[in-house]
Amino acid sequence: MSQPTPEVYEQGKGMDAHNQVMREIRSRKEASYDPHEPTRVWLDEDNTPTGVKQSLTIILNTGGCRWARAGGCTMCGYVAESVDGGSVSHEALMNQIDVCLEHERENGDEPADLIKIYTSGSFLDEREVGAETRRAIADTFADRERMVVESLPDFVDREKIGDFTQHGVDTDVAIGLETATDRVRHDCVNKYFDFADFEDACAEAAAADEEAGATADAGIKAYLLMKPPFLTESEAVEDMISSVERCAAVEGCHTVSMNPCNVQRYTMVDDLYFNDGYRPPWLWSVAHVLEETADIDAIVVSDPVGHGSDRGPHNCQECDDLVQKAIKDFDLRQDPSVFEQVSCECERTWEVVMERERSFNQPLTR
């Protein structure tokens, strides 16, 4: 990627020291990417407010998250996969959409009801995806049931959501809130906005929902980060339970997705990991949070990326696949009893870590 630098929008956010370190780390990446090819595309199934749906997930290759180019979040390496130069044309982005539709035709039995579009930044940031492209994508998927697009709260407004709901497509905006605790978000994640900004974005989605009337629904899907750097395992679990509960209490937020932190290259977490200063969360922690929040009034899901690897959320390797399977089962059924079917001796080690790990000696185990 090109040398990351802050622009006017990113300056004065109160994170200058973290950003300076992050820009140096990100500058080590030298690979380049084709603006006509998406970063990734795959078929899966997801739990939605209207039931489990077959999904097509698209990660568009854009110029990257503007906050990440300023330095950005301590754990996020996605901007390193962005197109050099900071912007991608409308034609190139629509070429990427065509590639994804071809993947769906070749690998799916029928068109997916749910379309999820990410940019490794903010789909609703018109520096990444212009208004012309956003509306063309809305037209392309006007025959689907539901859309999920990702954005920082700054760029969420009812008019942009209306580009999709006007077609009768239920639309969710996924916001990388990471935590409901402002201090943790600022100091551990290096994300500049406050929980109040998330609440404002939820209000915009609620307004879009009201304007759409019976034609379509609009809402917010909160993305939370399980175990950002500098927290012990027990602190991370406690913060996550509280964050899930606080998000679910906000009108307009119907789904909470807990994303266990994994170690991505060209990030501060990566540097900490290689200096024995960070261990990804235990899968037992993920299961515990899901059990403790199973009765709240929201869909709570988790997708432990890289589970079972040293750089991803893991237990002892012997039980990782079984616990991951139980988590996936919970995502679809929302039934905490699935965790009663898995056990392992390493759960005792996790309990000791939860009890004894302190900030000045973590990680207590690898």
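Student: Which residues are exposed on the other side of H11?
Tutor: Asp-321, Leu-322 and Lys-325. Keep in mind that this is a predicted model. Exposed here means over 50% relative accessible area, and these three residues of H11 carry that label.

Student: And which residues of H11 are buried?
Tutor: Those under 20% relative accessible area count as buried. In H11 they are Asp-320, Val-323, Gln-324, Ala-326, Ile-327, Phe-330 and Asp-331.

Student: How do you know that they are on the same side of H11?
Tutor: They cover an arc of only 160° around the axis, so they share one side of H11. In general, an α-helix has 3.6 residues a turn, so residues three or four places apart point the same way.

Student: What do the buried residues of H11 pack against?
Tutor: Strand S1 (40-48), helix H10 (283-292) and strand S8 (299-302).

Student: How do you know that the span of H11 agrees with what it should be?
Tutor: H11 has 14 residues (320-333), and at 1.5 Å a residue they should span 20 Å. The end C-alpha atoms are 20 Å apart, so the two agree.

Student: What makes Phe-198 stand out in the largest nonpolar core?
Tutor: That core has 93 residues, and Phe-198 is one of those touching the most other members. Contact means heavy atoms within 4.5 Å. Leaving out residues up to four places away in sequence, Phe-198 touches partners including Ile-175, Leu-177, Cys-247 and Val-250.

Note on methods
Residues are numbered from 1 along each chain as its sequence is written. This is a predicted model: local features need pLDDT of at least 70, side-chain atom pairs count only at pLDDT 80 or more; totals for chains, interfaces and linings use all residues. Side-chain values use heavy atoms; hydrogens and water are left out. A nonpolar core is a set of buried Ala, Val, Leu, Ile, Met, Phe, Trp, Tyr and Cys residues joined through side-chain atoms within 4.5 Å. Buried means under 20% relative accessible area, exposed over 50%, partly exposed in between (1.4 Å probe, protein chains only). Helices (H or I, at least four residues) and strands (E, at least two) are DSSP runs, numbered from the N terminus. The expected span of a helix is 1.5 Å times one less than its number of residues. The arc is that of the directions from the helix axis to the C-beta atoms.
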